[in-house]
Amino acid sequence: MAKCNKSLVVILLLLHILCLQSQVNGFSRQPSRQLIFTPHKRSDSDPQQVHISLVGNDHMRVSWITDDKHSESVVEYGTKKGEYSTKATGEHTSYHYFLYESGKIHHVVIGPLQPNTIYYYRCGGSGSEFSFKTPPLKLPIEFVVVGDLGQTEWTTSTLKHVDSKDYDVFLLPGDLSYADTHQPLWDSFGRLVEPYASRIPWMVTEGNHEIETFPIIQPNGFKAYNARWPMPYKESGSTSNLYYSFDVASTHVIMLGSYTDFDAHSQQYTWLQSDLAKIDRKRTPWVIALLHAPWYNTNEAHQGEGEDMRQAMEELLYEARVDLVFAGHVHAYERFTRIYDNKADSCGPLFKKPPSPLSLYREPSFGHGRLRIVNETHAYWSWHRNNDTDTFVADGVWIESLSNSKACWNAQGQHVAHEEL
């Protein structure tokens, strides 16, 4: 098994839709494809846009929408097809955006659930049966990571490639539907991803396309995002759906908000300090973080847009020895060496500009990433480029957890200061 450098955080830019400059490996991106609008073909009372997300160690949130405002917010579920031994009731919401009125948005938390188990469920007492498999309690576990998903023909290609191989949790670091104030596109996106998001928990954080503000009339952002995609922020001690964390199979996942306050006086900064301080690396050897606007980026597009957040928060991640950071926004793939404060650092994250040696691999491809955490010390990362009907593994690397790095921790388990390395 090949060893990799022991730095603090690995930043992998996973992006999906637009153009990038020519890359060192000579790969040229195939042309963009058309937007897909997925129509509503069910009855008003039938659930649509069904998706699930993790809540705590053994619960799952089931979310869906009905046009019928009288439909119940209830989920029936069990471990046998067509047999629902348990029933849970939740809450519902809706929202207006200019002349648009959403359907009834249902959210029901079910559990406790057994790990690594298939459950069958039905939403609202009618409609189709769905199923999902809970993640394992222990390693190994496999994450799929896709940023800037959208709803084009390339989106359907990516999701089909993702679905061709088993995985446990889907991570999306911002820019979901690209509705950009056109609210019916949120509904279309929900219907497009339902076959995947109803079977595997999707854990998301916001991007710039989720903001959807409009001067005076819609001054507050994230109205649709917060209503449709609630995440387990309360369970992690956060006061905002725009940033939170969760634990799954010996891995602590931190979802940060690039488009809410993050300076040293902000609630997000205070929450992150507290969240990182609670991690026991003996019980949770892997810590990964996701955010939308990258802190390091060699593409000409979006230069410096994550710099303020990097200056505010990078040291917190570095001192906590976070293993990996995933970002979106640039619409290309890039993998950096471990880095801290714009310098290669064996106990820090991966970042910046060719011909700098800090950027190890980049290409303007559509695709998805897979992080398979094999055990407490090693994980394998791979980038799966879309080649139309086929998928091609363009990049891969073994990663060693920093919790296992004696060079980054002293004998008492404390951080080794940057100046001592």
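A disulfide is a pair of cysteine sulfur atoms within 2.5 Å. The model is predicted, with local features needing pLDDT of at least 70 and side-chain atom pairs counting only at pLDDT 80 or more, while totals for chains, interfaces and linings use all residues. Residues are numbered from 1 along each chain as its sequence is written, and side-chain values use heavy atoms, with hydrogens and water left out.

**View 1. The disulfide of Cys-347 and Cys-408.** By the rule above, the count is one disulfide. The sulfur atoms of Cys-347 and Cys-408 are 1.9 Å apart, and the link is left-handed, with -95° about the S-S bond. Cys-347 lies in the loop between β21 (343-344) and β22 (359-363) and Cys-408 in the segment after β25 (390-400), so the pair ties together parts that are 61 residues apart in sequence. Strands (E, at least two residues) and helices (H or I, at least four) are DSSP runs, numbered from the N terminus. Cys-347 is buried at a relative accessible area of 0%, and Cys-408 is also buried, at 0%. Buried means under 20% relative accessible area, exposed over 50%, and partly exposed in between (1.4 Å probe, protein chains only).

**View 2. Strand β9 and its partners β3 and β6.** Six of the seven residues of β9 (residues 104-110) are buried, so this strand is largely enclosed by the rest of the structure. Two strands pair if DSSP finds at least two bridges between them. Strand β3 (residues 59-66) pairs with β9 in the antiparallel sense over seven bridges, and Met-60 stands opposite Ile-110 of β9. Strand β6 (residues 91-93) also runs antiparallel to β9, joined by three bridges; here Glu-91 has His-107 as its bridge partner.

**View 3. A stacked ring pair, Tyr-119 and Phe-132.** Rings of Phe, Tyr and Trp (its six-membered ring) pair if their centres lie within 6.5 Å; planes under 30 degrees apart count as stacked, over 60 as edge-to-face and the rest as tilted. The structure holds 19 aromatic pairs. In one of them, Tyr-119 and Phe-132 have ring centres 5.7 Å apart and planes at 25°, so the pair is stacked. Tyr-119 belongs to strand β10 (residues 118-123) and Phe-132 to strand β11 (residues 130-133), 13 residues apart. Both residues are buried. Ring pairs link Tyr-119 and Phe-132 with Tyr-77, Tyr-121 and Phe-130 into a cluster.
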